[in-house]
Amino acid sequence: EECNGDLVTYAVKSEESLKMDDNLAKQGMMSDLSLDHPIEGDITAPLGRQESEDDFSTLDEPVWETVMRDVKAVGRKFLHALYPREEKALIRDWDLWGPLFLCVILAMFLQGSAQTADSNNDGGPEFAKVFVLVWLGGVVVTLNAKLLGGSISFFQSLCVLGYCILPLTISLIISRFLLLATQNMALFIIRFILVTGAFAWSTFASTAFMAGSQPPNRKALVIYPIGFFYFVISWLILSDTHG
């Protein structure tokens with residue numbers, strides 16, 4: 001029995017030694033292959049990055065879908081201007097399509113009519129004057145915010161100021177409809193309250209977006225030019241009497 005046990009132990013050790021020899025032989029072959037044919041290159045590939053870039057690619061997207069996506073984005077920014085819930089909503093994804101659209105509407109409604117200009121010798125501010133006044137005022141307010149140490153970029157500030165003209169634009173449209181009726185003191189008071197409320201809301205909305213990007217000790221110096229900018233536009237709307 002002791003002889004049989006020794007034989008079994010010897011057989012097991014022989015099998016283990018054979019397996020070790022095979023492993024060593026395979027490792028030697030692999031090392032020879034690696035020396036003859038060195039492996040080059042990086043085995044890691046940024047697959048996640050490629051997929052994310054493909055997701056945002058619009059090269060194969062129909063033009064109509066691209067336009068509708070941009071229109072929806074502008075509409076969402078209009079809602080943020082009317083109801084400023086998120087501080088970075090207009091700053092994060094800025095654009096100038098909405099401000100351009102509102103500026104054109106303001107200039108068109110405030111330019112007056114040719115017949116009124118001939119009869120009363122007062123046609124109101126022309127289209128180009130209103131257009132330049134709005135954009136030049138926005139540029140001056142933006143430069144003031146930047147010179148005071150604001151962290152907001154130039155075009156982000158123009159985006160905020162332009163989109164926050166929306167309450168004043170709405171008050172201008174409503175005021176135009178009120179001017180179609182016979183003018184009296186009651187209608188003037190209604191227009192005054194309407195334009196004043198729009199001025200306050202535009203100032204509040206714009207400062208809500210821009211106050212966080214200004215130094216704490218200079219916020220008043222930034223808010224004052226913003227209020228003055230919207231005050232000038234409010235005065236143009238209130239002084240417009242061409243129905």
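Analyst: Let's begin with Ser206, which is buried, with a relative accessible area of 0%. Here buried means under 20% relative accessible area, exposed means over 50%, and partly exposed lies in between (1.4 Å probe, protein chains only). The model is predicted, so local features need pLDDT of at least 70 and side-chain atom pairs count only at pLDDT 80 or more, while totals for chains, interfaces and linings use all residues. Residues are numbered from 1 along each chain as its sequence is written, and side-chain values use heavy atoms, leaving out hydrogens and water.

User: Where is the place of Ser206, and which residues does Ser206 touch?

Analyst: Ser206 sits in helix α10. Setting aside residues up to four places away in sequence, Ser206 touches Val160, Cys164, Ile226 and Tyr230. A contact means heavy atoms within 4.5 Å.

User: Let's zoom out. How many helices and strands does the chain have?

Analyst: The chain has 11 helices and zero strands. Helices (H or I, at least four residues) and strands (E, at least two) are DSSP runs, numbered from the N terminus. Buried residues account for 31% of the 243 residues in the chain. Of the contacts between residues at least 6 apart in sequence, 74% join residues at least 24 apart.

User: How should I read a pair of packed helices?

Analyst: Two packed helices are described by the angle between their axes and the distance between the axes. The axes are lines fitted to C-alpha atoms, for helices over the stretch in contact, and angles run from 0 to 180 degrees between N-to-C directions. Take helix α8 (residues 154–163) and helix α10 (residues 185–210): they pack at about 155 degrees, with axes 9 Å apart. The two are therefore roughly antiparallel to each other. The cut-offs are under 35 degrees for roughly parallel, over 145 for roughly antiparallel and 65 to 115 for roughly perpendicular, with the rest oblique.

User: Which residues of α8 meet which residues in α10?

Analyst: On the α8 side they are Ser157, Val160 and Leu161, and they meet Ser206, Phe209 and Met210 in α10. By class, this contact of α8 with α10 has four nonpolar, two polar and no charged residues. In that scheme Ala, Val, Leu, Ile, Met, Phe, Trp, Tyr, Cys and Pro count as nonpolar, Asp, Glu, Lys and Arg as charged, and the others, Gly among them, as polar. As for cover, eight of the 10 residues of α8 are buried, among them Cys159, Gly162 and Tyr163.

User: At what angle do the axes of α9 and α10 cross?

Analyst: The axes of helix α9 (residues 166–178) and α10 cross at roughly 170 degrees and come within 8 Å. That makes α9 roughly antiparallel to α10. The α9 residues in this contact include Leu168, Ile174 and Leu178, and those of α10 include Leu187, Leu194 and Trp201. Taken by class, the contact of α9 with α10 holds 11 nonpolar, three polar and one charged residues.

User: And at what angle do α3 and α10 pack?

Analyst: Their angle is about 105 degrees, with axes 8 Å apart. That makes α3 roughly perpendicular to α10. His80, Ala81 and Leu82 of α3 make the contact with Trp201, Ala205 and Phe209 of α10. The classes here are five nonpolar, one polar and no charged residues.

User: How do I read charge pairing?

Analyst: Side chains of opposite charge can pair when their charged atoms come close. A salt bridge is counted when a side-chain nitrogen of Lys or Arg is within 4 Å of a carboxyl oxygen of Asp or Glu. By this rule the count comes to one salt bridge. The side chains of Asp95 and Lys77 form it, at 3.2 Å, N to O. Asp95 lies in the loop between α4 (89–92) and α5 (97–110) and Lys77 in helix α3 (residues 63–82), so the pair ties together parts that are 18 residues apart in sequence.

User: Are Asp95 and Lys77 buried or exposed?

Analyst: Asp95 and Lys77 are both buried. Asp70, also placed in helix α3, is partly exposed, with a relative accessible area of 40%.

User: Which residues does Leu221 touch?

Analyst: Leu221, in helix α11 (residues 219–239), touches Asn144 and Leu148, not counting residues up to four places away in sequence. The C-alpha atoms of Leu221 and Asn144 are separated by 8.5 Å, although the two are 77 residues apart along the chain.
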